[in-house]
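Me: I'd like to go through a model feature by feature and learn how to read each one. Can you take me along?

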Amino acid sequence: MPGPLSIATLAAAVQGASSGALSARIVGDPQRAIAAVAPVESAQAAELSFLANPRYRGLAAATRAGALVLSEADSEALFPGGSPTCVLILCDAAYTWFAFAAQALAAQAAAVPGRAPSAVVHPGAQVDRSATIGALAVIDEDSSVGAGVLVGAGCYVGRNVRIAEATRLHAGVRIYDGCRIGARCLLHSGAVIGADGFGFAPFKGRWVKIPQTGVVQIGDDVEVGAGTTIDRGAMGDTIIEDGVKIDNQVQIGHNCRIGAHSAIAGCVGIAGSATIGRRCQLGGGCLINGHITIADDTIISGATAITRDVREAGFYTGIFPFMRNRAWERNAVLLRHLDELRERVRRLEAQVRTRPTESDR
């Protein structure tokens with residue numbers, strides 16, 4: 001972990017990491033030292049916090065943080081004359097500024113290149129001299145491990161796998177034969193890349209396995225959460241494009257394609273051959289049917305089941321009480337026409353109100 005950094009140093013780091021896109025105005029001492037980040041309600045004098053949701057203005061007003069990232073509007077509402085206790089960092093994208101600053105404060109020391117004595121590296125594998133291979137890790141035949149790669153303890157890298165530079169595999173990651181992992185990726189413990197997809201054909205009351213002959217291709221700057229599984233393609237490949245962020249316990253079926261910079265929260269299940277567009281956001285516990293397409297820039301609420309194509313970007317939600325399927329199908333038809341039924345009821349109510357009563361006659 002790095003030592004404490006001044007707010008001015010953090011600001012410069014954020015500017016660099018964002019390619020100059022995030023600027024901030026500092027109100028207070030730019031040389032104040034910050035050692036860590038903390039929630040706004042518990043942060044102390046050497047810690048950085050942020051305010052991005054107006055609901056937490058009360059907590060921010062009483063914070064003991066050494067520095068607070070917030071918008072100009074929140075600053076004017078809470079600290080019109082500045083804060084006597086903390087340095088204010090004013091930025092319209094407070095949460096993003098905070099995220100980049102947190103990265104600078106949590107920077108990890110570079111791994112020491114080399115191989116643990118218990119690591120097993122096939123003579124036919126190519127491992128860059130700057131790579132780090134942990135204890136009991138296995139690198140199989142014809143695989144390639146790039147510059148600065150970290151393969152953690154107990155990882156398995158199968159035959160003919162390609163791992164590009166600066167990617168990190170935490171302990172216990174499994175990468176099956178033939179898969180491709182891009183540069184600067186982060187794979188957390190228990191992730192399984194390239195296991196067989198669920199492909200079986202029915203035959204006389206039993207199942208006939210369909211060989212899964214494709215691979216998984218993961219682009220650059222992808223993060224894969226702990227316990228997540230990404231299945232290899234049946235015919236053709238499963239594709240995870242650049243910048244995708246995948247949470248823990250996510251299942252991605254064979255031949256799926258996940259568009260660049262999409263974010264997938266925990267416990268999402270995506271069935272085979274689904275295509276998720278670019279910059280999509282899938283909430284936790286979503287269920288995505290196979291062989292469907294979701295448009296770029298679509299947001300799906302948690303626990304929503306997507307059963308057909310989403311051709312137009314938008315924010316979609318579908319949470320429904322469970323029941324027997326036959327009853328659900330009948331109710332779903334009615335649900336689809338609820339707005340129409342409401343208008344009909346309103347018209348009938350209006351007619352009843354205007355109809356003459358017996359006393360009016």
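Me: Let's start with one residue. Where is the place of threonine 238?

Reply: Threonine 238 sits in strand 27, which covers residues 238-240. Keep in mind that this is a predicted model.

Me: And is threonine 238 buried or exposed?

Reply: Threonine 238 is buried, and its relative accessible area is 0%. Leaving aside residues up to four places away in sequence, threonine 238 touches Val215, Val216, Gln217, Ile230, Asp231, Arg232, Gly233, Ile252, Gly253, His254, Asn255 and Cys256.

Me: Next, aromatic rings. What describes a pair, and how many aromatic pairs does a search of the whole structure find?

Reply: The general idea is that you describe two aromatic rings by the distance of their centres and the angle of their planes. Searching the whole structure gives three aromatic pairs. One of them joins phenylalanine 50 and tyrosine 95, with 5.1 Å centre to centre and 35 degrees between the planes, and it is tilted.

Me: Which parts does that pair tie together?

Reply: Phenylalanine 50 belongs to strand 5 (residues 47-50) and tyrosine 95 to helix 4 (residues 94-105), so the pair ties together parts that are 45 residues apart in sequence. Phenylalanine 50 counts as partly exposed at 25% relative accessibility, while tyrosine 95 is exposed at 53%.

Me: What kind of aromatic pair do phenylalanine 50 and phenylalanine 98 form?

Reply: A tilted one: the centres of phenylalanine 50 and phenylalanine 98 are 4.5 Å apart and the planes make 40 degrees. Here too strand 5 meets helix 4, since phenylalanine 50 lies in the strand and phenylalanine 98 in the helix, so parts 48 residues apart in sequence are tied together. Phenylalanine 98 counts as buried, with 11% relative accessibility. Put together, ring pairs link Phe50, Tyr95 and Phe98 into a cluster.

Me: Which elements give two or more residues to the lining of the largest pocket?

Reply: Those are strand 38 (305-306) and helix 5 (325-336). Helix 5 provides the largest share of that lining, six residues. Sorted by class, the lining of the largest pocket has ten nonpolar, four polar and four charged residues.

Me: What about the second largest pocket: what is its volume?

Reply: The second largest pocket comes to about 520 Å³. It has 18 lining residues, and Gln103, Ala106, Gln108, Arg168 and Leu186 are the closest to its centre. Helix 4 gives the most to this lining, with three residues. By class, the lining of the second largest pocket divides into eleven nonpolar, two polar and five charged residues.

Me: Now cysteines. How many disulfides does the structure hold?

Reply: A disulfide is a covalent bond between the sulfur atoms of two cysteines. This structure holds zero of them.

Me: Last, backbone angles. What is phi of serine 19 near?

Reply: As a rule, most residues other than glycine have a negative phi. Phi of serine 19 is near 55 degrees, a positive value in a residue other than glycine. Serine 19 lies in the loop between helix 1 (7-17) and strand 2 (25-27), and it is exposed, with a relative accessible area of 71%.

Me: And where does arginine 279 lie?

Reply: Arginine 279 is in the loop between strand 33 (275-276) and strand 34 (281-282). Its phi is near 60 degrees, a positive value in a residue other than glycine. Arginine 279 is partly exposed, with a relative accessible area of 40%.

Terms used: Residues are numbered from 1 along each chain as its sequence is written. This is a predicted model: local features need pLDDT of at least 70, side-chain atom pairs count only at pLDDT 80 or more; totals for chains, interfaces and linings use all residues. Side-chain values use heavy atoms; hydrogens and water are left out. Rings of Phe, Tyr and Trp (its six-membered ring) pair if their centres lie within 6.5 Å; planes under 30 degrees apart count as stacked, over 60 as edge-to-face and the rest as tilted. Helices (H or I, at least four residues) and strands (E, at least two) are DSSP runs, numbered from the N terminus. Buried means under 20% relative accessible area, exposed over 50%, partly exposed in between (1.4 Å probe, protein chains only). Ala, Val, Leu, Ile, Met, Phe, Trp, Tyr, Cys and Pro count as nonpolar, Asp, Glu, Lys and Arg as charged, and the others, Gly among them, as polar. On a 1 Å grid over the protein atoms alone, a cavity is a set of points where a 1.4 Å probe fits but cannot get out, and a pocket is an open set with protein on both sides within 12 Å along at least five of seven lines; lining residues have an atom within 4 Å of a point. Grid points are joined across faces, edges and corners, and a volume is the space filled by probe spheres set on the points. A disulfide is a pair of cysteine sulfur atoms within 2.5 Å. Contact means heavy atoms within 4.5 Å.
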